[in-house]
Every structure is written in C-alpha cells, then in structure tokens.
Amino acid sequence: MEAENKNSLNLRINMFFFSTFIIFCVVIVRLAVLQFVEAPSLTVKEASQNTKNIPLPPDRGNIRDAAGAKLAYSNPVESLYITLMKDYNKTTEKGKKNRPEADKMAAQMADAFKQFGDGKNKPLTKDEIIEAMDLESKLDKGYIPRRIKSDLNEKEIQYFMEHKSDFPGIEIIEETTRQYDPETVAVQTVGYVKSFKRTEILKDYDEARKNSADDTNPGEIYTKDEIVGFDGVEESFQKELRGKNGYKVASVSSANIPEEIVDIIPPVKGNDVWLTINKEVQLQTEQAIKDQLVWLHSHPVSGQTHPEAVTGYAVAMEVDTGNIVAMASIPDYDTNIWKKGSASNADFDKLNSNYQNGAITPISSGKSKHGLDSGVLLGSTIKPLSVLIGLNEKLFTTTTPYNDTGVTYFGKEQKAVHNSQNHAYGYFRTPADAIEHSSNVFMVDKVGNALYSKFGKKGITVWNKYMEEFGLGVSTGVDLPNEWLGRKEYGTADHVPKSVGSAQAALVYASFGQGGKYTPLQLAQYTATLANEGARIKPQIVSKITDPSGKVIKTTKREVLNTVKFDASFWKLIKKGMNTNVNGAFDGFPYDYARKTGTSQQQVNGVNRDNGVFIAYAPRNNPKLAVAVVIPEGGFGAYSAAPVARKMFDAYDQVYGLDGVPKKPLQDKKAEEEKAKEASNKQQ
C-alpha cells in the first residue's frame, strides 16, 4: 500500500513538471513569434495609431484653347499657415474661455499685416485671425494646419521668417491661386473655382466630402481651402484638372498635436484640358455681339431703334466634328474675381446675375431690358424642320404648290394668323419657297392644322418626337454642367396649358416657331443636324487632355447621338429653301450658304417683344460650320443676329478656312511681302 502511494505521488510530480515544461515552451514559442514574425506588422499598427495624414493639395492643370493658349492656369503664391502646437484654450473659474497666448499672437499678426500690407486688400483683424486659427478645432482636426492668409507679399514673408520663433507652429507654404486670361475669353464656358468648403450645394463633391471625413485614403482627401471647379469646364473636368493630392505623415500626441514629420508623399500635378474653342474666333464673336448691340441702340430698323437689346448669345459648331469653335454669352465678366476661391460681395453684386453660360442656360446669364433671357422661342428658324415633318408625314410633297394670301385661320373661332408685317407672298411653286419667304400661313395650313387633322391631340406627341430627334428639348450631350433642356410651351397630348388653349392651337403656333423655347447651343446642334442631313452630333467642348509632360492621354472623337432617316429629296428641298434674305449682312461673302432668319415674339406686360434669331451653315453643299445667334429684344433676326453670324463665319474662314484653306496665313505672308517691298523701295 505504501509503495502504491509513493508511485502515485511520483506520477503526479512528473505530470506537474511536464505540464510546466509544455506551458513554458508555448510561452517561448509565442514570444519568438511576436518578436520575429508579428513585430513588423505590430510596429506599423502602432505607428498608424500615432500618426496622421496631412493632405497637400496638387497644382491644378491648365485649360487651353484649341491652339494652346492658356485660358486658365495656376499661379504660385506664398501663404501663411499655423499648426496648433498646444491647446491655447483655458477655462476660468467662471467657465469662460481664456486664450492669452493665442490673443497675443493674433494681435502681433494683425499689426504685421497692417504694417507690411500692400494696400490692395483690407488688413486682417485680430478677430479674423483668431477665427482662422480655429482654436477649438470646429472646422479642422487639431493636427491640420490652418491658413491665416494667402498671397503674402515680400515684406510679409520676410517678417514672418525673421520672427518665426514668436509664432509657434507657423510656416510659409507655396500654393496656387487660379488665374484667367484677362481678355475674358469664353469665361462662362471655362467656368470658375471656389474653395472646397464653399461647394456644399454641388452634388459633384459629395464623394469628395465623404472621403475627406475619413483619412484612411489620404490620396483622395480635399482640404477645406483647396480650390475646385464650380462651373463650366473647371467643374465638369475637375478630376482631370485636379491631379492627385499628396500628404505628410506626421506623428501626433494624444492631444492631436503634431510632433514630427515621418514621411512626405508629394502631390501629382493635374492634367491640361484643351478646348475646341479657338481664342481668336471666340474673341471676334464676342466683339461682334458687343458691336451689334451698340449698332441696334443707334440705328433704326423699320422705324425704331432697339435700346432694350443688351444681351447676345452665339455658338459656332463644326458640322463634321461637333467641335464648338466659339460659344459666347454677352455680357461676360472677369473670372479673376474668383481666383482665391471666393469673390467679394461687392464683386459678386456687380455681376448682375450674368455669370452663367447663356449659350446653355437662361438662368443667371443676363436679361434684356424687359427681362427676356437666352431661352427664346425659335421663331421662323423652325420652318425648315416644320417642312421636313410635313414631308415625312406625307402631308404634302416636294412639288406641292401653295398660294400664300398673307393670312389663314384655325379653330372654331377661326382665329387669324398672319405673315410677318402682313406680307402676302402669292404663288409658291414648291415648299422651298415657303421656307425662303418665311411663310407663317403655309406652316399653319400645311403642317400645324394638317397634323391636327391627321392625329388629333396625338399630333403633339408626333411633333415632340421630331423636335427631340433634332436636339430640341433634350440634352445636347455637351460636357458642361447646368445645361437647360428647353421648355415645350405647347405642352403634351395629355396636357395643353390654358394659355395655349387647345391641341390644335399648340400645333399651329409650334409650326411657325411660337411653341418652344430652346438654348443657342440646341439651336446650333439643330442647325448642324440639318447640315448633316439627319445625323445629330454631340457638341465637343474639349479636344484632348495632356499630362504635365505634354503627352496626350485622351482625345475626343466625332460622336453621333442619333440619326433621322428622311428621303434624299426632302433634304435637297430644305437646303434650297434655306435662302432667306438677310438685308446685306452677307454682302461679298465668298461662299454659298444655307440660312434662316427668325423673329420670335414674346409678350411682356401685354406688349410683344421681338427677339432676333438666326441660324446658318456654310458652305451650302459641303457644310463645314454651323452657327446660331440670339439677340433678345433685337428685332428682326436679319438685322440683329445675321451680322454677328457673318463675322463668325469670317473669323473661322481666317483661322481654319471654310474651304479647308486658312486665309490668315496667306494675308500675313502678303503683309510681310509688302513690308519687305516698302523697305526695299526706301533703300533705293
């Protein structure tokens, strides 16, 4: 028995030592794994828990015209930033915040700005500097530098460099402001920038705001003071222009105060965006509108001048490529007011709601004296399409004659519709004569009334289908923000507005251009579709994108949005009919061209106001360029809008050549030869 107890005790002792040995081995192995296997990852994890990423905004790319001229570019400036190196807020016994050190620094900064400022801007006050310092980190995390002032002058830079020890945490950082061509080239198309913190109303930046709230992806973080596109090409090509931000990796304390820089990832410069717009053609287009407005104020047409015409819009679009060569919205303004990310209240008030692109939207893009904007009724410019619809719906043929008596009637009440100025044009051999003479009564009898007789109220649906196929009432596809789609005032088959009256009235008025309001760009695309015999081309505003080294990384190509199939004889007739008299505006023009004038009428306070509208493409049989011009309250389109179009064609011919041969180089060569000849004669 004693022997058995002894053996049992020995067994228990052995088991204890064996268990202890096993546990010891496990501990040793685990320590080895921690030291040699997991140590690197644990070190990274520890570092990540004590480091933060501080974004570095990239240098924004340039926006260039078709020939390479810079229309928007970044200009380097020196800015003063401060990083909070301690908690400057102290709470008094009464619970109030006390910040003597911060107040002292802010007061010294304010004195320096007052002493060394260049006088261009009002010096920052102490309170403004305290607000910029964001002492309670309401706007930014504690370790993020706060911008105190941008665009320091040399004296300010020198002062803060010499007194750096007096301002813990300050640094002077090179960043950029946005600069725009001072000649105000296509400013509403180019667009403008704002600080990222001022983009709350734009959904385009929702993802950027989400990324900036989470620093796990530092390459996507936007700083609140970073300038970003807010309209035009600046906005629609933001990703290409911005590039990619860099960031500093800084170790921080538990109080979110940076201690040292661990690593720096440099930003990547943005790409250059090349527009299809040619600066020279654009400037001549803008000047043509300005000159024409002055002319309308002082030269009577049909017995009256037009001082109410103070705005004008024009688009030039290449028929074969869709390239927008000119897009003008007058009045324009100097977008350099936005170059630092915001405009002053005084500068913004001066804009008088004309800062958006009137070629694509009537909103905030200028108004005539009686409040008419760029979204005008088409007037007689719709008549080529009206005839196409009539032909395609077999309402008449290419050889149908018509006797124009100057007036016609429709509806139970037999409401009268007259031609402009009550003209009676007499016998038309074909519908082409109706287009050329701009006959309202033909359109009413042979298109509007005829559609209603054939389809009833569903005629509106038929009409609307054709409008959209030619780009009227739908997006043109242009790569610009805020495009207005137009307004179909004739309504739908199921709902005709009371102001129109009936489905028949809707079709009647729409047939001669008094039923839908559309933008100048939609008009230009419609004109190009006529020139292309049914191919609706996307308007291209950008030709290519290049990286900072100049390498082409993307180009745009001709893009057909839809094609309308009509009999070839229909297109031939339309082309022949687009031969409206333009009262001398194109005298001496060396090309045959297709055109249509328009005078759309809109009532303001019970008085009809005439808007000048004009469309054309040239050459007639080998179309190269389509143009559309709108002059609200300009009177007849032949007098107000056609002269602008003529100068647009001339400008394009000089630079590119309507026949494919640029005329300007030839003229320059001749001028050089004449100068050389004069110099030779003087020497003799």
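Ala, Val, Leu, Ile, Met, Phe, Trp, Tyr, Cys and Pro count as nonpolar, Asp, Glu, Lys and Arg as charged, and the others, Gly among them, as polar. With that in hand, here are some close-up views of this predicted model.

**View 1. The largest cavity has a lining without charged residues.** About 50 Å³ of space lies in this cavity, and the model holds 3 cavities of 30 Å³ or more. By class, the lining has 7 nonpolar and 4 polar residues. Look for L378, I382, W463, M467, Y490 and A510, which are among the lining residues. G513, Q514, G515, G516 and Y518 belong to the lining as well. Helix α15 (459–469) and strand β21 (516–518) each supply at least two of the lining residues.

**View 2. The largest pocket holds about 1,700 Å³ of space.** Of the 46 residues that line it, L124, I148, K149, R198 and S342 are the closest to the centre. Which helix gives the most to the lining of this pocket? That is α4, with 5 residues. At least two lining residues also come from each of α3 (100–116), β6 (146–149), β8 (193–195) and α11 (345–350). Sorted by class, the lining of the largest pocket has 22 charged, 13 nonpolar and 11 polar residues.

**View 3. The second largest pocket has a volume of about 1,400 Å³.** Here N440, F512, Q514, T599 and Q601 are the closest to the centre, out of 50 lining residues. Strand β26 (594–604) is one of the elements that supply at least two residues each, and the largest share of the lining, 7 residues, comes from β26. The others named with β26 are β18 (415–418), α16 (503–511), β27 (607–618) and α19 (637–640). The lining of the second largest pocket has 30 polar, 12 nonpolar and 8 charged residues.

**View 4. T285 sits in helix α10.** Is T285 buried or exposed? T285 has a relative accessible area of 0%, so it is buried. The helix spans residues 279–298. Beyond its neighbours within four places in sequence, T285 is in contact with A314, A326, A328 and M648.

**View 5. Strands β23 and β24 form a hairpin.** The two strands, residues 542–546 and residues 552–555, pair in the antiparallel sense over 3 bridges. T546 has V552 in β24 as its bridge partner. There are 5 residues between the strands, and G550 in the turn has a positive phi of about 95°.

View 6. P619 has its place in the loop between β27 and β28 (625–631).

**View 7. D134 and E633 have positive phi without being glycines.** The phi of D134 is about 50°, and D134 is found in the loop between α4 and β6. Since its relative accessibility is 7%, D134 counts as buried. For E633, phi is near 60°, and the residue lies in the loop between β28 and α19. E633 counts as buried because its relative accessibility is 4%, where the cut-off is under 20%.

Technical notes. Residues numbered from 1 in each chain as written. Predicted model: local features only at pLDDT ≥ 70, side-chain atom pairs only at ≥ 80, totals over all residues. Heavy atoms only, no water. Helix = DSSP H or I, 4+ residues; strand = E, 2+ residues; numbered from the N terminus. Buried < 20%, exposed > 50% of the residue type's maximum accessible area, 1.4 Å probe, protein only. Contact = heavy atoms within 4.5 Å. 1 Å grid on protein atoms, 1.4 Å probe; cavity = no way out; pocket = protein on both sides within 12 Å on 5 of 7 lines; lining within 4 Å. Points joined across faces, edges and corners; volume = space filled by probe spheres on them. Pairing = 2+ DSSP bridges.
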